[in-house]
Amino acid sequence: MATTVYNVEEITLQSGDKVNLKPLTIKALRKFMAVIAKTSSSKTEDETLTILMEACAVAIESQLPELAADMDKLEGALDMPTINRILEVCGGIKLDDPNLGAAAVLAGQNSI
């Protein structure tokens, strides 16, 4: 009998749609990381939020392709805790890590 090395977590989006979160395949992860890389050139919080939503779309497109393809509907289905959870489970990115926040504060203090 095979052993699964990851957990699957079912969540409900704001739209009521259910999605099973699990780590992305390498193929999907490459696409996901290409989207995430755009955050380095983001100039506003709004641009960053749009990029994070695009990354979530990549993460859920195999299960909810219609929702992933329509950014307006996707925006109505996501909130920040859900975005954070999708990014963490599917892509291994933890945005709400307190250590990240502390590092950002320190970086801001050291940039002057």
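Arg85 is partly exposed, with a relative accessible area of 30%; partly exposed sits between buried (under 20% relative accessible area) and exposed (over 50%), using a 1.4 Å probe and protein chains only. This is a predicted model: local features need pLDDT of at least 70, side-chain atom pairs count only at pLDDT 80 or more, and totals for chains, interfaces and linings use all residues. Residues are numbered from 1 along each chain as its sequence is written, and side-chain values use heavy atoms, with hydrogens and water left out.

**Salt bridges**

- Side chains of opposite charge can pair when their charged atoms come close.
- The count is five salt bridges, each a side-chain nitrogen of Lys or Arg within 4 Å of a carboxyl oxygen of Asp or Glu.
- Arg85 and Glu88 meet in one of them, at 3.3 Å from N to O.
- These two residues are three apart in helix H5, so about one helical turn separates them.
- Glu88 is partly exposed at 25% relative accessibility.
- Glu88 also forms a salt bridge with Lys94, with the closest N and O atoms 4.0 Å apart.
- Shared partners join Glu9, Arg85, Glu88 and Lys94 into one network.
- Lys38 and Glu54 form another salt bridge, at 2.8 Å from N to O.
- Lys38 lies in the loop between H1 and H2 and Glu54 in helix H2, so the pair ties together parts 16 residues apart in sequence.
- Helices (H or I, at least four residues) and strands (E, at least two) are DSSP runs, numbered from the N terminus.

**Nonpolar core**

- The largest nonpolar core has 30 residues; such a core is a set of buried Ala, Val, Leu, Ile, Met, Phe, Trp, Tyr and Cys residues joined through side-chain atoms within 4.5 Å.
- Leu13, Phe32, Leu78, Ile86 and Leu87 have the most contacts inside this core.
- H2 gives the largest share of this core, nine residues.

**Surface patches**

- Patch residues have over 30% relative accessible area and no salt bridge; like charges are joined within 9 Å, and nonpolar side chains (Val, Leu, Ile, Met, Phe, Trp, Tyr) within 5 Å.
- Glu45, Asp46, Glu47, Asp72 and Glu75 form a negative patch.
- Asp and Glu count as negative, and the place of the charge is CG of Asp or CD of Glu.
- Helix H2 (45–60) and helix H4 (71–77) each supply at least two residues of the negative patch.
- Glu45 is in helix H2 and counts as exposed at 73% relative accessibility.
- Val5, Tyr6 and Val8 form a nonpolar patch with about 310 Å² of accessible area together, an area from the Shrake-Rupley method with a 1.4 Å probe.
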